[in-house]
Amino acid sequence: QVQLVESGGGSVQAGDSLRLSCAVSGRTSSTGAMGWFRQVPGKEREFVATVFWGGKSTMYADSVKGRFTISRDNAKNSVYLQMNSLKPEDTAIYYCADRRAPGLPSALRQESAYTTWGQGTQVTVSS
């Protein structure tokens, strides 16, 4: 079974940077993808970024393109989200998610495409 643990969140000011980490355990498949989502209380979970597990292709939400970078380190069994030029609207709980099946790339923007989720890490950006 796959387990995900996020870390790296915190409180920062607008314009600052943070790097979120997702420790992955129990994953034996080289297919599928890892994704980052975020959620504000009272709103639906929002897609942020995805990196394919078997490749280096990535996808980003329009709201974070040019500011966020998703990456993975197979040796450390970790997935990262580098967040630069943070804005107050980036404030949310950030979740790491796992999908084992290959599927269609277009489906990876949907929450339903992922089967395992971490507990989340809080990111707060003040003006």
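The side chains of D90 and R67 meet in a salt bridge, 2.8 Å from N to O (a side-chain nitrogen of Lys or Arg within 4 Å of a carboxyl oxygen of Asp or Glu). D90 lies in the loop between β8 (78-83) and β9, and R67 in the loop between β6 (58-60) and β7 (68-73), so the pair ties together parts that are 23 residues apart in sequence. Strands here are DSSP runs (E, at least two residues), numbered from the N terminus. This is a predicted model, in which local features need pLDDT of at least 70 and side-chain atom pairs count only at pLDDT 80 or more, while totals for chains, interfaces and linings use all residues. Residues are numbered from 1 along each chain as its sequence is written, and side-chain values use heavy atoms, with hydrogens and water left out.

**Salt bridges**

- Searching the whole structure turns up six salt bridges.
- D90 and R67 are both buried, where buried means under 20% relative accessible area, exposed over 50% and partly exposed in between (1.4 Å probe, protein chains only).
- E46 forms a salt bridge with R38, and their closest N and O atoms are 3.0 Å apart.
- R38 is buried at a relative accessible area of 6%, whereas E46, at 35% relative accessibility, counts as partly exposed.
- Put together, R38, E46, R67 and D90 are linked in a network of salt bridges.
- Another salt bridge joins the side chains of R27 and D98, at 2.4 Å from N to O.
- R27 lies in the loop between β3 (18-25) and β4 (33-39) and D98 in strand β9 (residues 92-99), so this pair ties together parts that are 71 residues apart in sequence.
- Both partners count as buried: R27 has 14% relative accessibility, and D98 has 0%.

**Charges over rings**

- R27 turns up again here, with its charged end over the ring of W53, 4.6 Å from the ring centre; the rule asks for NZ of Lys or CZ of Arg within 6 Å of the ring centre and within 35 degrees of the ring normal.
- R45 lies over the face of Y95, at 4.0 Å from the ring centre.

**Aromatic pairs**

- There are four aromatic pairs, counted when ring centres of Phe, Tyr and Trp (its six-membered ring) lie within 6.5 Å, with planes under 30 degrees apart called stacked, over 60 edge-to-face and the rest tilted.
- The ring centres of F37 and F47 are 5.6 Å apart and the planes are at 75°, so this pair is edge-to-face.
- F37 sits in strand β4 and F47 in strand β5, so the pair ties together parts that are ten residues apart in sequence.
- Both F37 and F47 are buried.
- Y114 and W117 have ring centres 6.1 Å apart and planes at 65°, so they too are edge-to-face.
- Y114 counts as buried at 5% relative accessibility, while W117, at 24%, counts as partly exposed.
- F37, F47, Y114 and W117 form one aromatic cluster.

**Nonpolar core**

- The largest nonpolar core has 36 residues, of which M34, W36, V79, L81, M83 and Y94 touch the most other members; such a core is a set of buried Ala, Val, Leu, Ile, Met, Phe, Trp, Tyr and Cys residues joined through side-chain atoms within 4.5 Å.
- Two or more residues of this core come from each of β3, β4, β5 (46-52), β6, β7, β8, β9 and β11 (121-126).
- β5 gives the most to this core, with five residues.

Notes. Helices (H or I, at least four residues) and strands (E, at least two) are DSSP runs, numbered from the N terminus.
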